[in-house]
Amino acid sequence: MSEKIKVGISIGDVNGIGLEIILKTLADNHIYDYCTPIVYGHTKVASFHRRATSINELNFHVIGDASQAQHKKPNMINCWEEDVKIEPGSVTEAGGKYAFLSLERATLDLKEGHIDALITAPINKDNIQNDQFKFPGHTEYLQERDGAPESLMFLVSDTLRVGVVTGHIPISKVAESITLEKIVTKLKLMNHSLQNDFWIRKPKIAVLGLNPHASDNGLIGSEEKETIIPAIEEARNNDILAFGPYPADGFFANGTYLQFDAVLAMYHDQGLIPFKQIAFESGVNFTAGLSFVRTSPDHGTAYDIAGKNQASEISFREALFTAIHIVKHRRETLELNENPLVFTKLSRDRD
């Protein structure tokens, strides 16, 4: 419990705002009271973005591997040797290439236990594609690297937590991808994460409908009656406090979400649009259901403001602290369960 948490940071697209928000976060010396950050990238790329942000006092301690990381300092592992042409705001092959090299090295250290958590800066899901990365996003890549059968894209903030049944798939495939088994699986992942990662003992979960007005009792589609309601009933039979299905529009508009610990949406935009509207600056993307901890800010590469010193680091900083809190919760849970008291049934007989 006393060991300082090592947080790995992948830099994302070198032409986006990733390094800007990383530098702005690590410029706050209070960060080093809570963790030891290790950035996976290159000092020359960091220097380019540092000049753009005018953060002159931040100097990285260059290390060969995570075991050499120094506390109270920002550490950097150089993941390549060649010079990189940086073009802020441009979509280039180099932007994807070096984003992947950073992510690959950080993920390897995460899997091998050299770092305790990973915070991923935004990537461009198009230019990062290669022979080793054929995924629609970070979530699917990390699930595959972890060997996990399922994962949950879980957007979290102080006032709202939203997970999705289907993630990065075309809207035309959403309805056919929603099954009873998939909804129950996501509810189990969400419930387990709320209990173990966020320490909510009896979480209440709201489930959204798929169709407008949650189908109006079958008038607008049959998914609620045939799939979603039976899934909620099965989840409740497994001691999960799931409720719904709720019509998505009114549910967020009238603040009903405040009555629940989390919300399970049926598809990406149904959950992420209201989440980003309500908690854009403070929101965090957490991948639940994995053996390791990964978070990210809830925004993208923001090419339109890259290199202009306009990006806010608030969401990235929240992602960092969320990862730290989850690692601590998991460590404490392990300690509490290491030596449980032996259960002894009391006898009715008294001496």
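Hi everyone, let's begin with helix H6, residues 180-196, which lies across strand E6 (152-156), strand E7 (161-164), E8, E9, E10 and strand E11 (284-288). H6 runs at about 160 degrees to E10. Here an axis is a line fitted to C-alpha atoms, for helices over the stretch in contact, and angles run from 0 to 180 degrees between N-to-C directions. Contact means heavy atoms within 4.5 Å. The helices (H or I, at least four residues) and strands (E, at least two) are DSSP runs, numbered from the N terminus.

Before going on, a word on the model. It is a predicted one, where local features need pLDDT of at least 70 and side-chain atom pairs count only at pLDDT 80 or more, while totals for chains, interfaces and linings use all residues. Residues are numbered from 1 along each chain as its sequence is written, and side-chain values use heavy atoms, with hydrogens and water left out.

Now the sheet. It is open, has 12 strands with mixed pairing, and its order is E3-E4-E2-E1-E5-E12-E11-E6-E7-E10-E8-E9. Two strands count as paired if DSSP finds at least two bridges between them. Which strands stand at the edges? They are E3 (61-63) and E9 (241-246); each has a single partner strand, so one side of each is left without a neighbour in the sheet. On average, neighbouring strands of this sheet are turned by 25 degrees against each other, direction ignored.

Let's walk through some of the pairings. E6 and E7 are joined by a hairpin through 4 residues, and they pair in the antiparallel sense over 3 bridges. Within that pairing, Phe154 has Gly163 of E7 as its bridge partner. E7 also pairs with E10, this time in the parallel sense over 3 bridges, and there Val162 has Val263 of E10 as its partner.

Buried means under 20% relative accessible area, exposed means over 50%, and partly exposed is in between, with a 1.4 Å probe and protein chains only.

How many residues of H1 are buried? The count is 9 of its 9 residues, so H1 is mostly covered. They pack against strand E1 (5-10), E2, helix H2 (43-53), E12 and H10. In H4, the buried residues include His138, Tyr141 and Leu142. What covers the buried residues of H4 includes H3, E5, E6, E11 and E12. Just after H4, Gly147 takes a positive phi of about 75 degrees.

On to charges. The structure holds 9 salt bridges, each being a side-chain nitrogen of Lys or Arg within 4 Å of a carboxyl oxygen of Asp or Glu. One of them joins the side chains of Asp33 and Lys72, at 2.5 Å, N to O. That pair links distant parts of the chain, 39 residues apart: Asp33 is in the loop between helix H1 (18-26) and strand E2 (35-41), and Lys72 is in the loop between E3 and strand E4 (75-78). Asp33 counts as partly exposed at 42% relative accessibility, whereas Lys72 counts as exposed at 51%.

Another salt bridge is between Asp116 and Arg331, with their closest N and O atoms 3.3 Å apart. Asp116 lies in the loop between helix H3 (93-111) and strand E5 (117-120), and Arg331 lies in helix H10 (residues 314-338), so the pair ties together parts that are 215 residues apart in sequence. Arg331 is buried, with a relative accessible area of 18%, and Asp116 counts as partly exposed at 24%. There is also a network of salt bridges linking Glu150, Lys182 and Lys186.

Finally, the largest pocket. A pocket is an open set of points on a 1 Å grid over the protein atoms alone, where a 1.4 Å probe fits, with protein on both sides within 12 Å along at least five of seven lines; lining residues have an atom within 4 Å of a point. The largest pocket is lined by 20 residues, and Lys125, Asn285, Ser296, Pro297 and His299 lie nearest its centre. Helix H4 (138-146), E6, helix H9 (268-279) and strand E12 (293-297) each supply at least two residues of that lining.
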